[in-house]
Amino acid sequence: MKDLICPACGTSNPADAIYCRACFRTLITSENPTPDKANEWLNDLRNSDNLESPESDSSTGESDSTPEDEGDIPDWLARIRQRNREENPPLNPEEEPTEPIKTGENLPDWLNEIEPPAPEPEDNEKDTLPDWLNAIDKETASGIEPPASENKDWLEQLPFESQLSKNDSAEDDWLNRFRDVPPISDQSANETSPQETGSDEFKFGSLVNPVFQGQDSDTPLPLDFEGNTQPEPPDEKDIPDWLKSFDKSPRPSQPSEQAEDLENTDKNLIASEQKFSGEDFEENGIPIPPDESAIPGWLTSFDNQERPENIEGTHSTDWMQTEETEDADESASLEGQLYQGDVRHKWLDQIEPQKPTDDSDSSTLTPPTGFSLNGSSEKSDDDLNSDQDQKTYDAEQANPQAFHDNGPLEEGELPDWLKAIQPAEAASLDLEDSDFNSKIETKGPLAGFQGILPGRPTTGRYPSPVQQALLQVTEKQRSFADLLENVISQESVAQSIPETKKAASFFIFRLLIGIAIIALITFTLLKGNTVQSPYPGLFPLETVSFFNTIQTLSSSEGDAARVLVAVDYEAGLAGELNTLAEGTLQDLAAGGARLTFLSDIPAGAALSQQLVNTAAANAPNFQLEDQYINLGYLPGGTTALASLAANPQQTVPVDLNSSPAWGKPGLVGITKLSDFNALVLITDSGENARAWIEQVGSALGETPLLVISSAQSAPIVQPYVQSQQVAGMISGLAGAASYEQLAQRSNGSVRKYWDAYQTGLILMVAMIVLGGLVQIVRNLFTRPRNVKKS
Amino acid sequence: MSPDLIWTIAAFILTLLVLSYALGDHPLFKVVTYLFVGVSSGFIAILIIYQILFPRLVVPLMSGTIGEKISLIVPAILSLLLIFKLTPRLSNLGSPSMGFLVGVGAAATISGAITGTLFGQFEGALSPFEVSAGGSFSAGQIFSGIILLIGTISSLAYFQFTGLQKNGQKGSRPAVVKFLSNIGQVFIAITLGSLFAGALSAALAALIERVDFILTFIQSFFS
């Protein structure tokens, strides 16, 4: 026989070893039975025990076991029973021990391997087997009430042994309750609740095996870990209520269909359960739950190893109940999470469908309070923290069917009223529980086990809280919200601009208009002064005022007039504004005025230079070095204008050549804007003109502000002329023509362009009027669209 | 070939390309627009460096008096912080400078609007109704003042968009406001028409100047 390798620590163990000699874990080799095989031997074991049960004995008068049945019993158990029969002859004929169990062919391999190759002396066997196993053997295999001293071996370990009675007869009754579990095959006839039996055995195991107390289930801890006294079998009346409830407390039945649903939701969990709990019963169509009352505690520990988190809530000892009481709130919340649907174990479903065997017993027994595996249907006393809860609990226990409209609640299922108030986070939390429980430990002493740690990485996997915003809105508000949403959605979607089909006639028409205007202008310019159109006969008041001011500055005797010229137009309109400002600058230059140019746009400096060059060309006596200063570009917009009005020297310290400007002849003695004789603003923008008027106008004092404005900005500047904030203005080519007419100048650029300007304006007006007429005629002879549709 | 002639030829070609837009948008016109944007940007950059930064910031900081240097520390820091506006990650560092510019600009604009426009226009609207020193009235001036006053009030009434809602009915403006707004529409239409006419006449004047330049160039080239 080959050695057994411990799956946990890898230590090689003898073939007949049950536990690892290094880590004391149960040896589960690769030859371990498959879940099907494990179920088979477990089922056989139950059947054999059932055959030995007092009920069956009482009904037949003798053991119903057959060699075939005994052959299914594990050899080790058969040997133990055989030995016990030899040592302890039956005291009661009804409790005749069954025949020695022979090694059957259906035994799983690992059990065959456990079986020693040759019988050993009893002493040696006793030494190898733990005491608690011997006690169980005496209970189950022989069917004879073992001596009190032997049967109480495992009870000696209990910390509450002082509570137990030492009455032997009471002990018999107490132990018989564990044997009264009906045979599995007679489930239909007997009404014993499988859930009850399962729960009882589960709790029984929790008492005798420290595994159920949260210790490592694989480690074969000695049973005499506490106490040295020999406890007497408990008297019936001395048995605590919580222990009585283990046997006969009614358990709400659970439909077996729930187990199938759970099986579909969590395959991993079920697979792990099948390894130890004989899941194939249901899969084979034989919904026979395991009779765990007949299984020794150490065997049931295989089940319980996978659900330590469930066992936490089922401690039955007093000292553990004390702990539970202290952590009632925390455990209640944890239990609520653990029993939410998919985390329920399969083995529970195997147990629950069984019915109570004795209604009278179940009715007389106190309800189970400390071992609530049903989560919602049964509550522990610790969970009842208020009178209201107690009332609800009593009502539920009195009539569970009436309490739940749809029948008894299944395990792990919340009542409807609780689902209604269940937070949204809980649903998403349940989904993560199944994944976590299917986790297989890979390190440490728990390596190889699945979902054994109750802890969960809450911080890393806890879903983000779901914000529930339930806003109470009226229909009107909802309609407004929908309307706003539609508007916003339409705004967010890019609107495809329909491509307008331009007819060829449109292109030709546009081309013809351009050609006509250019041709007319060209013709007018080429014809020269052969036929002159008259200048305007009426002069605007602002133009007259402008002319008078310029004439005053030009004709001033003594000190030359110092004029600040602000250039505020782009190069695109230089053709117009240069023409408008040409006559004015020519007059100022001819009058000997000192011109200081300043611009608040970058191109203004170059345009200023062009203006001065034109003026100097038309005024032979104009001296650029003495009469011209270009301060260049003044950045800052409105703020710079305000600063200029407050302190010109600090705002513009240097000129265009980066030399100190305020020491030149044209600026000597000027510290503020009011020291200039005039401010001439040449602008093509109404906004910039307004900025100059607003920021600088108040700082000018008596200094006149003259504006040479483009035709497009003149309407905006006109109100400031009406309010006399602007002393004079030349607006457009018409204003410049008036200025030339007032100055009696006939050879200026205005005169040259005036004919073409007049002709072009007439052409444009004609086209506008013609276009309007065409549109009117088209509307007259075109039926409206709504008329067509109707 | 003199530089003036070269620049004149370049100006002539560029003018023709711009005017060719009458034929539609074409690559040559785009070349001219790109050239205009590039030249303008380069010109502005050179202008700011040589006219603003060096003479007004760098030179005083390097060779100015202590008072000039101290007075330019804050502008220099604020100007440097504006550079961080180029990077989105560090653009917050330039926010103080932008805040300073916007705040000062807004303050200057508001104060100028109040003192320069609001008070000025209010006074201008009342000036036609002033009684001369001799106690005489000018009928034409008063009529002009009345027209001006009606135009101002009606135009302001047109932009009165709020109304009263009574008995759950749809809110509407008072009848007086409606009447004035209708009058204001006329004045606003006249104003917009004059602006359009001014823009058209300004463009016509610029076109005439360019056509004259082309004719002059052609005449000078062949003469």
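Predicted model: local features only at pLDDT ≥ 70, side-chain atom pairs only at ≥ 80, totals over all residues.
The contact between the two chains draws 45 residues from chain B and 51 residues from chain A. The area buried between chain B and chain A amounts to about 3,800 Å², with carbon and sulfur atoms giving 69% of that area. Within chain B, the residues that lose the most area to chain A are B:R56, B:L204 and B:I208, which together account for 16% of what that side buries.

Polar interactions across the interface comprise 11 residue pairs in polar contact, counted where both residues have pLDDT 80 or more, and the count of salt bridges between chain B and chain A is one. This salt bridge is formed by B:D212 with A:K752, whose closest N and O atoms lie 3.0 Å apart. On the side of chain B that touches chain A, at least two residues are supplied by each of helix 2 (27–63), helix 4 (95–126) and helix 6 (175–222) of chain B, and helix 6 provides the largest share, with 19 residues. When sorted by class, this side of chain B has 25 nonpolar, 17 polar and three charged residues.

B:S144 is classed as partly exposed because its relative accessible area of 40% falls between the limits of 20% for buried and 50% for exposed residues. The C-alpha atom of B:S144 is separated by 9.9 Å from that of B:A125, a residue 19 residues apart from B:S144 along the chain.

Definitions and conventions: Residues numbered from 1 in each chain as written. Chains lettered and ligands numbered in written order. Heavy atoms only, no water. Buried < 20%, exposed > 50% of the residue type's maximum accessible area, 1.4 Å probe, protein only. Contact = heavy atoms within 4.5 Å. Buried area = accessible area lost by both parts, 1.4 Å probe. Salt bridge = Lys/Arg side-chain N within 4 Å of Asp/Glu carboxyl O. Polar contact = N/O pair within 3.5 Å; in protein donor to acceptor, adjacent residues only side chain to side chain. Helix = DSSP H or I, 4+ residues; strand = E, 2+ residues; numbered from the N terminus. Nonpolar A, V, L, I, M, F, W, Y, C, P; charged D, E, K, R; others polar.
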